[in-house]
2 protein chains.
Amino acid sequence: MADKARIQEAVKAQGEVVRRLKADKASKEQIDEEVAKLLELKAQLGGDDGKQTFVLKTAKGTRDYNPKQMAIREKVFNTIVSCFKRHGAETIDTPVFELKETLTGKYGEDSKLIYDLKDQGGELLSLRYDLTVPFARYLAMNKITNIKRYHIAKVYRRDNPAMTRGRYREFYQCDFDIAGQYDPMIPDAECLKIVYEILSELDLGDFHIKVNDRRILDGMFAVCGVPDEKFRTICSTVDKLDKMLWEDVKNEMVKEKGLTEEAADQIGEYVSMQGGMDLAERLLHDPKLSQSKQACAGLTDMKQLFSYLQLFQITDKVVFDLSLARGLDYYTGVIYEAVLCQTLQAPTPAPAEQNGAVSGEEGGVSVGSVAGGGRYDGLVGMFDPKGRKVPCVGVSIGIERIFSIMEQKAELSAEKVRTTETQVLVASAQKNLLEERLRLTAELWNAGIKAELLYKKNPKLLTQLQHCEETGIPLVAILGEQELKDGVVKVRNVATREEVDVSRAELVEEIKKRTSES
Amino acid sequence: MADKARIQEAVKAQGEVVRRLKADKASKEQIDEEVAKLLELKAQLGGDDGKQTFVLKTAKGTRDYNPKQMAIREKVFNTIVSCFKRHGAETIDTPVFELKETLTGKYGEDSKLIYDLKDQGGELLSLRYDLTVPFARYLAMNKITNIKRYHIAKVYRRDNPAMTRGRYREFYQCDFDIAGQYDPMIPDAECLKIVYEILSELDLGDFHIKVNDRRILDGMFAVCGVPDEKFRTICSTVDKLDKMLWEDVKNEMVKEKGLTEEAADQIGEYVSMQGGMDLAERLLHDPKLSQSKQACAGLTDMKQLFSYLQLFQITDKVVFDLSLARGLDYYTGVIYEAVLCQTLQAPTPAPAEQNGAVSGEEGGVSVGSVAGGGRYDGLVGMFDPKGRKVPCVGVSIGIERIFSIMEQKAELSAEKVRTTETQVLVASAQKNLLEERLRLTAELWNAGIKAELLYKKNPKLLTQLQHCEETGIPLVAILGEQELKDGVVKVRNVATREEVDVSRAELVEEIKKRTSES
């Protein structure tokens, strides 16, 4: 009962948050998010009463896509898939869940974020956490030693959602990977070229791509005196440099992870370095770093990579950045991450969200990384019974953040997003012509024309025209007694209101001609 | 230990099944299925030993799609989506899981097949079982009263898989639904037109579409003396008529469900009736059936429906069939199901599968229904807090069975399925031209040409040409010292082996011209 009183308090407080947001005319997304929290709290109360309070919502951290969002999503996917196909990629698909053991031991500290299925008898299953581990499982299971494939599908993480910033528990990944034993850095360079092409074509504003190499990081840790067993955990801490100040990162290294202050300071010097091929060259002669064979191998490859990037003419956006670490355990070589320079023009964040908000360099809310990836030469071998390795390099496009930006752009733009592709509405100004409308509509469908009619026996002409204006249908084919007698159809241009009689036999061609530009 | 011995026996027996299939050169699919069972058994043994036997497989009843299967899938989806768009549909998407309570009470006896997620704290979630219930939840949640939408996504059922017949635990549904208060039978007729168009365009051979109405069934049950509370369960039994003989169906009604023999026999007479508008007309004057107001309403609408189908010129494939019942609880009016007449040319079924196999009329293995749907006017109201109804009618295309057929067709066909769209391979016959190849490839990518190169410093020309033949790339752009000096590229047609020098400036246009047909 004490619990119940506590929840009732929380309901009240959360109700206040929602009311305030509404009064402030906050964005629909933000309000929806807070309303969802309110409903969850209310549901807890309902449960206590033993009364079934039915909650009409999607699961926490997930969302529906409405038709407008789908239209934007389709456009973004088309751009990305076209790029993948331009680079000769095939595509595969894998199930949404894997055997639990397939995912075990692949994600380090993040494993706690994996969704498990209930044990209903049979196998223990988990929802996929990314597309890379299923890809490696697929390669090992089918003994495939080389393939260039893309895979676009949803993945699942029980993370703390921040939906106004495009962070969900169910979200899309768009992955492109090249598996196979090839000459160094050629596929790696192509992955960077792909990121460059996609971000340019999506027209998201300026961006840059940070590049580093796990071998350089490991070499750096070694020469700075980090004990071997702490490489991965120190790497995770370095990975936070894009979200935390160096002071805080250093604190975590020294106080939480037990590194000496001296080692931390040495790391601090290296991770502040940024450059291009010149930096790689310089570090190859760095008295300390050049002691590490690993670092030298990484730096030599980095030089090679930059020479290919020069051929591709994309070095203007690529920066060799020693602070880039990436969280996942499985990377073994080159790693990269693309970041938009623009900051999201988000509305004032809801009070509940402010804690988690990341301040970008320009003071707004940073959208953070929109693509990332790297080389993982050991992952497939973890699945192969004989440990046979298949070298892989790949990139994952962080599509949800891109959707958020595209949606905002669409909202700011004057142009209306169409959610259907209908070319013509078959209409009538007179009564009792339903059957004629049905007949003509079927004729148009059979000729491949995208056509609609209103599902009413006798709709008003005005209603029919309004439907066109609302949904962006450019043409109306109007039938009347006279038109039927004359064997014609009145074709009306919705925008200009011009009308012209077209003979029934020429109607299909006329519609095609008039809508061929769109 | 006794258990362990039993499993060891089972492993041995299953190993024998696999060996026999391999000896008989059974299809890869069949062998894979039996191997999966073998691996599962072995895994059980491993668990008993306390030894981790890592099983490299996908979850039971699921599969990966390889690039060839994906190419076929893309083609099928394109056909279906084009049809949906031709009919003016928008699209939406919903999360793969819903709150468990959203799915509760919607599927009758089939609810036991729902996948639940493990309770990891927070909400109780289940994987979606179909796309219809999430659609209804979406409408109620967003207070949408009319929409025409399609949704293509995977759904999940813990059913007994029969993968050689296209029955999986994870499978695609392609749904098209029309929600809104409209004049009777107009949207219903459009749904049937859509099924007709899609099955015709996919070129799957002859088919027919059975139509019935839940109100006619209920009226029939009433006049045959079925007690009200047994309507749904008797309906489920009638639904088995496509898989069971009448004798067995009758037996289930009488012995299992306690119907009188007389009532069952009367039902038996009705459910043997098939026809068109004439049958609806005749039954409207049937002395017994016309006693039921419900049945009369259904029969009147059936006549109306057939009049629209005549306008659409699709009555040749549509049959009013009183034995059609459909399993799901939520239908309230017209129901339909499309069945292919052709039988799948399946290889001899594996011994373990024979029990479940359904004999088609022509003695082969029937692929069964490939599309189905109907009217459900009450479902959205179940989600609305005030019970407001939104009438809906829709159709779901059973895409997995269609994939199976298309895959078989592709295997029998001489034409090779391409898995990439690459137009040209940038190649070289001489050494040390990697950089020139990279430069030219990037030029082509930037001009929108789909181009590849081999990721080797000095690949042999033969290897490069073989790659084209294997993957169906039609053109090769060959660079050599001489070509570089002359500012040209040698363009080779892979099929005819013709070669011609093209100036670098004209290369893009030349490739576009030569590949514009494909």
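This tour moves through a predicted model of chains A and B, from the interface to individual residues.

Local features require pLDDT of at least 70 and side-chain atom pairs count only at pLDDT 80 or more, while totals for chains, interfaces and linings use all residues. Residues are numbered from 1 along each chain as its sequence is written, chains are lettered from A in the order in which they are written, and side-chain values use heavy atoms, with hydrogens and water left out.

**Stop 1: the interface**

Colour the two chains separately and select the residues in contact, that is, with heavy atoms within 4.5 Å. The selection holds 92 residues of chain A and 92 residues of chain B. About 8,400 Å² is buried between the chains, and carbon and sulfur atoms give 58% of this area. Buried area here is the accessible area (1.4 Å probe) that two parts lose on being put together, summed over both.

Next, display the polar contacts across the interface. The rule finds 46 residue pairs in polar contact between chain A and chain B, both residues being at pLDDT 80 or more. Such a contact is a pair of N or O atoms within 3.5 Å; within protein, one must be able to donate a hydrogen and the other to accept it, and residues adjacent in sequence count only if both atoms are side-chain atoms. On the side of chain A that touches chain B, helix H15 (residues 434-446) of chain A gives the most, with seven residues. Helices (H or I, at least four residues) and strands (E, at least two) are DSSP runs, numbered from the N terminus. That side of chain A divides into 41 nonpolar, 20 polar and 31 charged residues. In this division, Ala, Val, Leu, Ile, Met, Phe, Trp, Tyr, Cys and Pro count as nonpolar, Asp, Glu, Lys and Arg as charged, and the others, Gly among them, as polar.

**Stop 2: salt bridges between the chains**

Side chains of opposite charge can pair when their charged atoms come close. A salt bridge is a side-chain nitrogen of Lys or Arg within 4 Å of a carboxyl oxygen of Asp or Glu. The whole structure has 78 salt bridges over all chains, and the count between chain A and chain B is 16.

Select Arg137(B) and Asp64(A): their closest N and O atoms are 2.6 Å apart in a salt bridge. Then select Glu421(B) with Lys85(A), a salt bridge at 2.9 Å, N to O. Glu421(B) lies in the loop between helix H14 (399-412) and strand S14 (424-428) of chain B and Lys85(A) in helix H3 (residues 67-86) of chain A, so this pair joins two chains. Lys85(A) is buried, at 13% relative accessible area, whereas Glu421(B) is partly exposed, at 33%. Buried means under 20% relative accessible area, exposed over 50%, and partly exposed in between (1.4 Å probe, protein chains only).

A network of salt bridges may be shown next, linking Arg73(A), Lys154(A), Glu170(A) and Asp93(B).

**Stop 3: back to helix H15 of chain A**

Select Glu443(A) and Arg504(A), a salt bridge with its closest N and O atoms 3.2 Å apart. Arg504(A) lies in the loop between strand S18 (499-503) and helix H18 (507-514) of chain A and Glu443(A) in helix H15 of chain A, so the pair ties together parts that are 61 residues apart in sequence.

**Stop 4: the annotated positions**

An unreviewed UniProt entry lists residues under "binding site", including Asp130(A), Thr132(A), Arg326(A) and Tyr330(A). UniProt positions follow the numbering used here, feature names are shortened, and annotations may be inferred rather than shown by experiment.

Centre on Tyr330(A), in the loop between S8 and S9 of chain A. Tyr330(A) is buried, at 9% relative accessibility, and a polar contact of 3.0 Å joins its side chain to that of Asp130(A). Arg326(A) is placed in the loop between strand S8 (318-321) and strand S9 (334-340) of chain A. Arg326(A) is buried, with a relative accessible area of 15%, and its contacts include Arg214(A), Asp239(A) and Glu337(A).

**Stop 5: helix H5 of chain A**

Finally, select residues 132-141 of chain A, which form helix H5. Nine of the ten residues are buried, among them Thr132(A), Phe135(A) and Tyr138(A). After H5(A) comes Lys143(A), whose phi is positive, near 50°.

Conventions
Lists of a residue's contacts leave out its neighbours within four places in sequence.
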